Every structure is written in structure tokens, then in C-alpha cells.
Amino acid sequence: MRKRGKQIGRLFYTHHSTGELWYLRLLLTKVRGPTSFQCLRSVNGKVYPNFQEACKAYGLLDDDNEWHQVLQQCSVSGFAPQIRQLFVHIMVNCRVTDLRKLWDAHCKDMIDDILMIRRKQLKKSNLLLNEKQLEYYALAEIHKLLKSIGRSLKDFCQMPQPPKNYLDLS
């Protein structure tokens with residue numbers, strides 16, 4: 001029971017990139033009368049493992065088809081650095097429901113130039129990298145773009161996090 005009325009006074013603003021905290025805040029503004037965190041994660045008798053899944057089940061989240069289409073269109077005529085820049089713009093400025101899924105679906109378009117960049121940097125024309133290394137170097141490039149605007153890859157918990165030595169190169 002509240003001292004006055006039945007409402008919580010204020011909820012602090014959270015940016016959509018804060019992940020679970022943002023989904024928790026969204027649930028708190030939409031679900032009436034929750035008594036626990038488990039209650040917030042429960043939809044029609046099913047308890048979801050996290051707040052994001054509960055938001056999806058309540059139908060509070062839009063799908064990310066718009067962002068998939070934008071990246072797909074860019075990949076048709078754009079170069080990998082341009083696609084990475086667009087991806088960073090979407091990460092920072094748009095409400096993406098499942099950032100990891102967006103990354104997984106489009107990372108191949110963002111790693112096209114990584115081998116050439118690494119060969120040029122190391123002056124080894126016969127350098128070969130496996131898929132995981134290419135992904136890590138692409139994530140390092142994204143981290144570099146994020147750093148230029150005062151952000152970090154660590155700010156986006158849904159994104160894969162490469163080992164620190166890859167980020168130190170950027």
C-alpha cells in the first residue's frame with residue numbers, strides 16, 4: 001500500500017539501449033498491479049526468462065523488419081564501412097527489439113573488407129582469418145565508430161563482445 005493513492009510517483013528515464021532496464025521500465029508503465037518481478041515477467045500464466053521476452057509476449061514491441069530492410073537495401077549498393085556506419089546509427093538512434101538478431105543477420109555484409117584492412121595494416125598479403133576473427137575485427141570497427149560519438153560496444157549488452165585485445169587495436 002502507498003501512503004497516498006495507488007501509484008508509483010516517478011520512473012526515471014531510460015534509453016532503449018540499456019536493455020533489460022528499459023524493458024523493465026516499459027513493463028512497469030503498461031502492466032497494472034504487479035506484485036513482483038516474476039509477476040511482471042508472467043503473461044497468460046507463462047513466466048518468461050527476462051523482461052524483453054515478456055514485452056514481446058505482451059505485444060509491446062515492434063518487430064525489427066524495418067531495420068532488416070534498411071540494412072538489406074544498403075548492402076545491395078553500399079560498401080562494408082557504410083553498412084557499419086548505418087548499423088551504428090540504428091544501434092544508437094533507433095529502437096531495435098533484438099539487436100543481436102539484427103547483427104547476426106547482417107554481419108556478413110559488414111565484414112567484407114576486414115581481411116583487406118588487416119592485410120594492409122599488417123603488410124601481409126597472404127594473411128588468412130577465420131569467420132570468428134573477421135567478426136571480432138568488424139565489431140572492433142563498430143566499437144571505433146561508437147567511440148567517436150562517446151559510446152562503447154559495452155553499452156549494448158545484446159551485441160557480441162569481442163576479446164579486449166581486438167578492441168585495443170581500434
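How do H4 and H5 run relative to each other, roughly parallel or roughly antiparallel? Keep that in mind as you go through this predicted model.

**Stop 1: H4 and H5**

Select residues 65-77, which form helix H4, and residues 80-93, which form helix H5. Look along both axes. They come within 9 Å of each other and cross at roughly 165°. Angles over 145 degrees count as roughly antiparallel. H4 and H5 are therefore roughly antiparallel to each other. Their crossing is right-handed.

Now show side chains. From H4, pick Trp67, Val70, Leu71, Cys74 and Ser75. From H5, pick Gln82, Ile83, Leu86, Phe87 and Ile90. These residues make the contact between the two helices. Colour them by class. You get eight nonpolar residues, two polar ones and no charged ones.

**Stop 2: Gln73**

Stay in helix H4 and select Gln73. Is Gln73 buried or exposed? Its relative accessibility is 58%, so Gln73 counts as exposed. Gln73 and Ile83 are 9.7 Å apart in space. In sequence, ten residues separate them. Ile83 is one of the H5 residues from the contact at the previous stop.

**Stop 3: H1 and H3**

Move to residues 20-30, helix H1, and residues 51-58, helix H3. Here the axes lie 8 Å apart, and the packing angle is about 40°. That angle makes H1 oblique to H3. H1 passes H3 in a left-handed crossing.

Which residues meet here, in H1 and in H3? On the H1 side, select Glu20, Tyr23, Leu24, Leu26 and Leu27. On the H3 side, select Phe51, Gln52, Ala54, Cys55 and Tyr58. Colour by class again. The contact of H1 with H3 has eight nonpolar residues, one polar and one charged.

**Stop 4: aromatic rings**

How many aromatic pairs does the structure hold? There are five. For one of them, select Trp22 and Tyr23. Their ring centres are 5.3 Å apart. The ring planes stand at 80°, so the pair is edge-to-face.

Terms used. Residues are numbered from 1 along each chain as its sequence is written. This is a predicted model: local features need pLDDT of at least 70, side-chain atom pairs count only at pLDDT 80 or more; totals for chains, interfaces and linings use all residues. Side-chain values use heavy atoms; hydrogens and water are left out. Axes are lines fitted to C-alpha atoms, for helices over the stretch in contact, and angles run from 0 to 180 degrees between N-to-C directions. Helices (H or I, at least four residues) and strands (E, at least two) are DSSP runs, numbered from the N terminus. Angles under 35 degrees count as roughly parallel, over 145 as roughly antiparallel, 65 to 115 as roughly perpendicular and the rest as oblique. A crossing is left-handed if the near helix is turned anticlockwise from the far one by less than a right angle, and right-handed if clockwise. Contact means heavy atoms within 4.5 Å. Ala, Val, Leu, Ile, Met, Phe, Trp, Tyr, Cys and Pro count as nonpolar, Asp, Glu, Lys and Arg as charged, and the others, Gly among them, as polar. Rings of Phe, Tyr and Trp (its six-membered ring) pair if their centres lie within 6.5 Å; planes under 30 degrees apart count as stacked, over 60 as edge-to-face and the rest as tilted. Buried means under 20% relative accessible area, exposed over 50%, partly exposed in between (1.4 Å probe, protein chains only).
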